[in-house]
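Subject: Structure for your review

Dear colleague,

My notes on it follow, arranged by topic.

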There are 2 protein chains.
Amino acid sequence: MAVYTEVGDEELEKFVAAYDLGQVVACKGIAEGVENSNYLLQTDHSTYILTLYEKRVAKADLPFFLGLMEHLARHGIACPTPIKGRDGKALRDLAGRPAAIISFLQGMWPRRALPHHCREVGIALARMHLAGESFELKRANALSVAGWRTLFDGCRARADEVRKGLGDEIAKELEIIAAHWPKELPAGVIHADLFPDNVFFLGDRLSGMIDFYFACNDFLAYDLAVCLNAWCFEPDNAFNATKARALLRGYNEGRKVLAEEMAALPLLARGSALRFLLTRLYDWLNHPPGAFVKPKDPMEYLKKLRFHRSVKGAGAYGL
Amino acid sequence: MAVYTEVGDEELEKFVAAYDLGQVVACKGIAEGVENSNYLLQTDHSTYILTLYEKRVAKADLPFFLGLMEHLARHGIACPTPIKGRDGKALRDLAGRPAAIISFLQGMWPRRALPHHCREVGIALARMHLAGESFELKRANALSVAGWRTLFDGCRARADEVRKGLGDEIAKELEIIAAHWPKELPAGVIHADLFPDNVFFLGDRLSGMIDFYFACNDFLAYDLAVCLNAWCFEPDNAFNATKARALLRGYNEGRKVLAEEMAALPLLARGSALRFLLTRLYDWLNHPPGAFVKPKDPMEYLKKLRFHRSVKGAGAYGL
């Protein structure tokens with residue numbers, strides 16, 4: 001649950017006065033998003049999301065994130081888009097933090113992902129990748145191989161507090177994955193965090209994707225690998241090939257997956273599992289007592305990583 | 001911040017199908033209310049609050065609370081009102097908890113209470129008291145003198161962990177207040193928890209009161225005493241007689257305060273301060289580590305209690 005910064009009624013009214021959005025009629029902190037403070041803002045015109053960027057988001061990255069949302073929305077991707085004030089700017093300060101008003105997206109995220117959800121996610125991801133081609137700003141993926149090393153250095157000494165032997169297992173994985181990480185694959189703008197809670201549906205239809213605050217430039221197939229991990233495992237961590245097939249087929253409808261991308265998928269999925277294992281491990285070991293956000297279990301991603309290590313090839317993903 | 005129970009998209013759609021509210025288009029947990037889980041529910045008809053009642057609210061009290069909101073709204077008081085399903089019922093089960101959909105009230109609560117807010121609160125409180133006269137259900141105030149004794153028994157042994165001598169000071173207060181507590185004063189339905197975050201404003205005008213989950217039958221002037229504590233002290237705990245005067249004058253416009261009520265006000269305010277001191281002390285000593293709700297400082301209410309102990313009469317409240 002994320003409301004780290006409380007916004008007062010008076011400062012809010014001053015802030016909103018910079019926009020043509022009418023009068024504020026309500027503003028409620030919402031339990032959504034982990035990195036930032038989010039409010040549901042209602043004016044007599046419409047409903048919006050007000051986001052205050054907290055310290056985990058680098059201020060220098062905000063033009064990339066906000067620019068990307070605007071670019072994608074303009075190219076027909078259902079995603080929130082930053083609202084500009086009368087001065088033409090989308091980003092300003094509120095309660096001592098960078099803040100933006102973003103358009104509100106209808107829909108709910110599926111608590112129980114089914115194959116048809118996976119197919120829709122695949123289609124939307126492919127369309128997002130294509131729409132991202134013409135986006136001019138660049139942002140390196142801070143959470144790729146080099147970033148994993150830094151994260152691991154920060155928690156290696158205490159990894160075995162979570163599970164005996166975990167430190168050694170991660171060290172070995174990191175070495176193998178780094179040695180085999182692809183050098184040449186189609187690259188572009190990726191979402192990099194397209195978990196179910198970032199994808200909204202109205203009935204059976206995908207209504208939009210949110211939370212572009214990990215978006216960056218990387219291999220497009222890495223985004224697919226993230227989705228394989230996020231969408232295609234059951235609560236008991238069993239892999240569901242039907243869902244994976246639906247995801248990959250959906251993606252393939254929007255953008256043809258190349259043979260070399262398919263071939264790289266097991267390693268990319270292993271790398272993506274390691275990425276979430278490491279960030280969760282770091283948060284698990286470093287979350288302050290009494291923090292409002294409950295850390296997620298890192299072991300879920302160790303199991304996923306082991307699955308991808310065990311597969312004989314991309315055929316395991318059902319395509 | 002309060003979302004104790006997560007509601008899935010499928011169970012929500014089933015739940016909402018019992019009402020004539022159209023299709024759900026969004027449902028977001030909101031950081032509002034401490035006792036219950038609250039969601040902002042949007043359908044293609046309107047915006048609502050979905051409340052799941054958690055264990056701190058007794059199920060047997062819900063007909064009183066929901067019935068009161070409905071009664072008050074019907075009598076012109078700006079407050080949320082329970083929405084009935086097609087079966088005529090406002091209360092049903094969701095995710096294993098009693099749950100209700102409540103109308104949405106526009107407005108924001110004032111972070112910085114000013115005298116004109118206090119005046120509006122006084123007027124609204126008086127109107128609520130009058131409208132409550134015809135409400136037929138009754139609920140005893142579980143947090144009056146007898147309830148304070150029970151609470152104190154549960155934390156007396158550890159009171160001095162918070163401040164040396166606190167246990168003895170409370171014991172003495174409790175004895176004096178109980179001995180002098182009024183026996184005969186105008187009584188009726190009171191809100192009993194009308195803090196600034198339970199009162200919404202649109203601009204300078206009060207737009208409504210929320211959170212009737214402590215409402216009960218007690219002395220009407222006790223509600224005024226709660227508001228004196230909640231609205232008329234500065235952040236440094238200095239009493240602001242201008243605000244108190246505005247509150248009392250506003251109330252007096254709506255309902256004439258009797259001389260015996262004014263005379264009892266210092267003791268009622270002292271009792272009300274003791275009530276919040278005790279519940280805060282209890283929560284302070286008993287909140288689980290890592291709980292999502294940060295306990296409030298009990299010492300704030302010790303200072304308020306001492307102020308009311310020191311006054312020579314109700315003249316101190318500015319009227």
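How many residues does the contact take from chain B and from chain A? Before the answer, please note that this is a predicted model. The contact takes 25 residues from chain B and 25 residues from chain A. On the side of chain B that touches chain A, the elements that give two or more residues are helix 1 (9-16) and strand 1 (24-29) of chain B. Strand 1 of chain B supplies the largest share of that side, namely six residues. Sorted by class, the side of chain B that touches chain A holds 14 nonpolar, five polar and six charged residues.

Domains of chain A

Chain A is divided into two parts: domain 1 covers 9-103 and domain 2 covers 115-317. Between the C-alpha centres of domain 1 of chain A and domain 2 of chain A there are 27 Å. In the contact of the two, 19 residues of domain 1 of chain A meet 17 residues of domain 2 of chain A. The side of domain 1 of chain A that touches domain 2 of chain A is made up of twelve nonpolar, five polar and two charged residues.

Helix packing in chain A

From helix 6 of chain A, the contact is made by Ala221(A), Tyr222(A), Leu224(A), Ala225(A), Val226(A), Leu228(A) and Asn229(A). From helix 8 of chain A come Glu261(A), Ala264(A), Leu265(A), Leu268(A), Ala269(A), Ser272(A), Ala273(A) and Phe276(A). By class, the contact of helix 6 of chain A with helix 8 of chain A has twelve nonpolar, two polar and one charged residues.

Nine nonpolar, one polar and four charged residues make up the contact of helix 8 of chain A with helix 9 of chain A.

Helix packing in chain B

In chain B, helix 9 (residues 259-286) and helix 10 (residues 299-310) pack at an angle of about 165°, and their axes are 8 Å apart. Helix 9 of chain B and helix 10 of chain B are therefore roughly antiparallel, and their crossing is left-handed. Residues of helix 9 of chain B in this contact include Pro266(B), Ala269(B), Arg270(B) and Phe276(B). Among those of helix 10 of chain B are Tyr301(B), Leu305(B) and His308(B). The residues of the contact of helix 9 of chain B with helix 10 of chain B divide into nine nonpolar, one polar and four charged.

Individual residues

Thr81(A) is found in the loop between helix 2 (62-74) and strand 4 (92-94) of chain A. Is Thr81(A) buried or partly exposed? With 18 other C-beta atoms within 10 Å, Thr81(A) is partly exposed, since a residue counts as buried at 20 or more. Thr81(A) is twelve residues from Met69(A) in sequence, and the two are 5.3 Å apart in space, C-alpha to C-alpha. Leaving aside residues up to four places away in sequence, Thr81(A) touches Met69(A), Glu70(A), Ala73(A), Ile102(A) and Ser103(A).

In chain B, Ala192(B) has a phi near 75°, a positive value in a residue other than glycine. Ala192(B) lies in the loop between strand 6 (187-190) and strand 7 (199-202) of chain B. Ala192(B) is buried, with 22 other C-beta atoms within 10 Å.

Asp211(B), not a glycine either, has a positive phi of about 60°. The loop that holds Asp211(B) runs between strand 8 (205-209) and strand 9 (216-219) of chain B. Asp211(B) is buried, with 24 other C-beta atoms within 10 Å.

Yours sincerely

Technical notes:
Residues numbered from 1 in each chain as written. Chains lettered and ligands numbered in written order. Predicted model: local features only at pLDDT ≥ 70, side-chain atom pairs only at ≥ 80, totals over all residues. Axes fitted to C-alpha atoms, helices over the stretch in contact; angles between N-to-C directions. Helix = DSSP H or I, 4+ residues; strand = E, 2+ residues; numbered from the N terminus. Parallel < 35°, antiparallel > 145°, perpendicular 65-115°, else oblique. Left-handed = near helix turned anticlockwise from the far one by under 90°. Contact = placed C-beta atoms within 7 Å. Nonpolar A, V, L, I, M, F, W, Y, C, P; charged D, E, K, R; others polar. Buried ≥ 20, exposed ≤ 12 C-beta atoms within 10 Å, placed from the backbone. Domains from an automatic or database assignment.
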